[in-house]
Amino acid sequence: MKKVLIISYYWPPAGGPGVQRWLKFAKYLPKYDVEPVIYVPENAHYPLKDPGLEKKVPENIKVIKKPIFEPYSLAELLSGKDTQKISSGIIPEEEQQGFIQKLMLFVRGNFFIPDARKFWIKPSVKFLTKYLQENPVDALITTGPPHSMHLIGLELKKKTNIPWIADFRDPWTQIGYHKKLKLLQRSQRKHEKLEKAVLDGADQLITTSFTTREEFQKITSTPIKVITNGYDHEKVDAVVADEKFSLAHIGSLLSGRNPKNLWTALKELTLENEEFAKDLQLKLVGAVGEPVLESIKQAGLEKWLSVQGYVSHTEALQLQRSSQVLLLIEINIEDTRGIIPGKLFEYMVSNRPILAVGPEKADIQKVIRETNTGAYFLYAEKEEIKAHILELYRKFKAGDLRSHPIGLQKYSREALTGELAKLIKEMV
């Protein structure tokens, strides 16, 4: 078997989407004759925790844990609520930021480059250099964000010359929140310099989206492979579909993900259709930005709104299957065209239709159309959104509301791991 060292920040008991990708790769790699060794922090400051995921770590996987210094733990002494939001990626709009939030964003962007996990780089390089001399591996894999993980890989590559794959679950300087970090010009240049060093220093790059691959191809000649996120065959207790016509968004709904035309369309339908008003339910599950809640209230939808906080991965799967329609919202800017959230693939196998709203030419639009799992709209398309919701509601009343997916198999975690294993073996 080939052996790979995987350097990651997120690992159970971390919750949220960041942990799922490499937890599943580690599960299936041995099937393809690749033995994973996992290196993660032992005292990480995870904004979300899901202890139930620890039970899903394969028993035969070797996991090495080393301490990490976390500035976020100190920042909590200043403002625990703001720290929790910022570390989760929930950044208010400029005009709604208080002094403490502005200060924390400035410090985060200009003093912690590339991110607040930078203090784990030197001790990890020192430990792993010695570890790899005594425990040889065939390849190194780093996964980010946080992109400090890639800087660990960059230094190890220089010291050991072991083949190195850098996996980008999200972009670096092109990700949406990067521009909200109040970066000085020299800080921006440093981010770009480090990004370029990683892109050029790796032997192979992996992205989760087609747009990110295209953006990286403009600044590096390193080969790039797209391996998207995917779905796994999870055991989920039988669920009963909601009696209400429920539209559910499951996962963080950041402040920028605020499709006001969707809220307006729903309100208009309640005014125009008495039955619709009786049946409607809007469910938001996970962290929700205050501007989103305020827009929903301003639209007059508070009566139909149900807000639930973060739930475990198992509960999220159950909610996906019980809701009538699944909402997928992406920020309406060009920088998010290459974001394909992991929950999209879980949505696709829930047998529920997806209603997605996002920017023009988004990768998620391509995937949804290709798999026939829902419909995609731009933020401005209020009348089109409204007509589609009404059509979904008619199918709901007729007892015929479901999705009819095609070609999902290639997005299974097992099949995607096969692509990764092939890539590893070609390298070594």
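Rings of Phe, Tyr and Trp (its six-membered ring) pair if their centres lie within 6.5 Å. In this predicted model, Tyr39, Trp120, Phe127 and Tyr131 form one aromatic cluster.

**Phenylalanine 245 and phenylalanine 396**

- Phenylalanine 245 and phenylalanine 396 make a tilted aromatic pair, with 5.4 Å from centre to centre and 50° between the planes.
- Phenylalanine 245 is buried, at a relative accessible area of 0%.
- Phenylalanine 396 is also buried, with a relative accessible area of 14%.

**Phenylalanine 276 and tyrosine 393**

- The ring centres of phenylalanine 276 and tyrosine 393 are 5.1 Å apart and the planes stand at 75°, so this pair is edge-to-face; planes over 60 degrees apart count as such.
- Phenylalanine 276 counts as buried because its relative accessibility is 0%, and tyrosine 393 counts as buried because its value is 4%; the cut-off for buried is under 20%.

**Lysines over aromatic rings**

- Lysine 118 lies over the face of phenylalanine 119, at 5.8 Å from the ring centre.
- Over the face of phenylalanine 210 lies lysine 366, at 3.9 Å from the ring centre.

Terms used
Residues numbered from 1 in each chain as written. Predicted model: local features only at pLDDT ≥ 70, side-chain atom pairs only at ≥ 80, totals over all residues. Heavy atoms only, no water. Phe/Tyr/Trp six-rings, centres within 6.5 Å; stacked < 30°, edge-to-face > 60°. Buried < 20%, exposed > 50% of the residue type's maximum accessible area, 1.4 Å probe, protein only. Lys NZ or Arg CZ within 6 Å of the ring centre and 35° of its normal.
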